[in-house]
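Please look over the sequence and the structure shown here before reading on.

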Amino acid sequence: MKILIMIDMQNDFLTGVLGNQQTAAVVPAVCEKVKRYLAENKAPLIYTMDTHAENYLSTQEGRNLPVTHCIRGSYGWQLDDSLKAITDGQPDRTVKIEKVTFGAETLPRCVKDISLKYGGEIEEIELVGVCTDICVISNAMLLKAFFPETLITVDSKCCAGVTPQSHNNALEAMKMCHIRVI
């Protein structure tokens, strides 16, 4: 069984306060990947949403990254419209995980629950999304720690980082930890 995980494809990271040309540019490729996955696989799509409260700037992350973003319920917190149409259109085929920091601590349990529910061994976990150099790498490493013998893949064409250089650095770091980058 293959599981696809879409990381933080939210407005604030694409076109909002933390967005850039590279993150906005991956939206069409991610949409196509998600549509294809849902058509070809029985397991649901897992997607994460960076989720903060109004007190974000007083958190450790907020003190280190003092840019208010992804405040629950705000426009910036919402998925990109094209991805929202896909996930809202198939609520029984998607699992949303709200996370308060880079890595989603409930993600490994969610993956395990899906494998149990759908009765299959997990052959591959693939990640797409933004930002490669923060949340994608954090979740890929988390999954590698929990599923060391499972193929963890990151599709570089469906990811983007804060800068092209930091995106490439993250891809190289993941390769060093035996995460396949395509």
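Predicted model: local features only at pLDDT ≥ 70, side-chain atom pairs only at ≥ 80, totals over all residues.

Residues are numbered from 1 along each chain as its sequence is written, and side-chain values use heavy atoms, with hydrogens and water left out.

**Helix packing**

- Helix α3 (residues 27–40) packs with helix α5 (residues 81–89) at an angle of about 10°, and their axes are 10 Å apart; helices here are DSSP runs of H or I with at least four residues, strands are runs of E with at least two, and both are numbered from the N terminus.
- Axes are lines fitted to C-alpha atoms, for helices over the stretch in contact, and angles between N-to-C directions run from 0 to 180 degrees.
- The helices α3 and α5 are therefore roughly parallel to each other, a term that covers angles under 35 degrees.
- On the α3 side, Val27, Val30, Cys31, Val34, Lys35 and Leu38 meet Ser82, Leu83 and Ile86 of α5, where contact means heavy atoms within 4.5 Å.
- The residues of this contact between α3 and α5 divide into seven nonpolar, one polar and one charged, with Val, Leu, Ile and Cys among the types counted as nonpolar and Lys among those counted as charged.

**Salt bridges**

- The count comes to 13 salt bridges, each defined as a side-chain nitrogen of Lys or Arg within 4 Å of a carboxyl oxygen of Asp or Glu.
- Glutamate 126 and lysine 33 meet through their side chains in a salt bridge of 2.7 Å, N to O.
- Because glutamate 126 lies in strand β4 (residues 124–130) and lysine 33 in helix α3, this pair ties together parts that are 93 residues apart in sequence.
- Glutamate 126 counts as buried at 1% relative accessibility, and lysine 33 counts as buried at 12%, where buried means under 20% relative accessible area, exposed over 50% and partly exposed in between, with a 1.4 Å probe and protein chains only.
- Lys33 and Glu126 are also linked with Lys2, Asp155 and Lys157 in a network of salt bridges.
- Within helix α8 (residues 164–176), glutamate 172 and lysine 175 lie three residues apart, about one turn of the helix, and the closest N and O atoms of their salt bridge are 3.1 Å apart.
- Glutamate 172 counts as partly exposed at 45% relative accessibility, as does lysine 175 at 41%.

Notes: Parallel < 35°, antiparallel > 145°, perpendicular 65-115°, else oblique.
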